[in-house]
Amino acid sequence: MSNTAQLVDFPLRRPGQPYPPQQYADFRSREALVWSHMPTGAKVWLVTKYDDVRAVLTNPRISSSPRHEGFPSVGRTGGVPNPDQVPGWFVALDPPDHDRFRKALIPEFTVRRIREMRPSIQEVVDQTIDAVIERGH
């Protein structure tokens with residue numbers, strides 16, 4: 001980060017506003033990553049461009065674990081939960097633990113398996129939409 005990098009407020013989603021927040025369009029037009037501070041005061045890099053996101057997500061030196069110091073969280077109840085908060089949650093694990101869980105789940109997400117689940121998923125969606133319509137909002 002250069003000394004001239006502007007520190008911006010972390011763009012949080014606001015009720016009634018489009019998502020992602022409009023600031024992201026500006027951030028994606030910039031040459032470099034955007035230096036931001038969270039509501040907690042912690043400073044983080046905003047990674048908003050596809051190629052940059054892909055580079056971060058595939059870099060083994062960058063941890064997915066919220067247990068590591070400096071992991072960004074929008075507040076006490078925001079961000080990624082710790083693995084002990086959600087049984088079976090492995091998204092926040094780093095390799096090799098993450099890889100072990102992912103490998104075990106791959107058969108559940110084949111095209112064939114998803115097609116088999118479609119009728120029950122459709123039923124849940126239809127019931128949920130019907131309930132919302134019934135309430136009138």
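Reply: We go from the fold outline to the sheet, then the core and the surface. Keep in mind that this is a predicted model.

Me: Which elements does the chain have, and in what order do they run?

Reply: The chain has four helices and three strands. From the N terminus, the elements run β-α-β-β-α-α-α.

Me: How do I read the sheet?

Reply: Strands of a sheet pair through backbone hydrogen bonds, either parallel or antiparallel. Here three strands form an open sheet in the order 1-2-3, with mixed pairing. Strand 1 (7-9) and strand 3 (43-46) stand at the edges with a single partner strand each, so one side of each has no neighbour in the sheet. From one strand to the next, the twist averages 45°.

Me: How many bridges join strand 1 to strand 2?

Reply: Three, and these two strands run parallel. Strand 2 covers residues 34-37.

Me: Which residues form the largest nonpolar core?

Reply: That core has eight residues: V8, F10, Y24, F27, V34, M38, V44 and L46. Helix 1 (23-29) and strand 3 are the elements that give two or more residues to this core.

Me: What share of the chain is buried?

Reply: Buried residues, those under 20% relative accessible area, make up 16% of the 137 residues. The accessible surface comes to about 11,200 Å², and 55% of that belongs to carbon and sulfur atoms.

Me: And what of contacts along the sequence?

Reply: Take the contacts with a separation of 6 or more: residues 24 or more positions apart account for 39% of them.

Key. Residues are numbered from 1 along each chain as its sequence is written. This is a predicted model: local features need pLDDT of at least 70, side-chain atom pairs count only at pLDDT 80 or more; totals for chains, interfaces and linings use all residues. Side-chain values use heavy atoms; hydrogens and water are left out. Two strands pair if DSSP finds at least two bridges between them. Axes are lines fitted to C-alpha atoms, for helices over the stretch in contact, and angles run from 0 to 180 degrees between N-to-C directions. A nonpolar core is a set of buried Ala, Val, Leu, Ile, Met, Phe, Trp, Tyr and Cys residues joined through side-chain atoms within 4.5 Å. Buried means under 20% relative accessible area, exposed over 50%, partly exposed in between (1.4 Å probe, protein chains only). Contact means heavy atoms within 4.5 Å. Accessible areas come from the Shrake-Rupley method with a 1.4 Å probe; for residues, only the protein chains shown count as cover.
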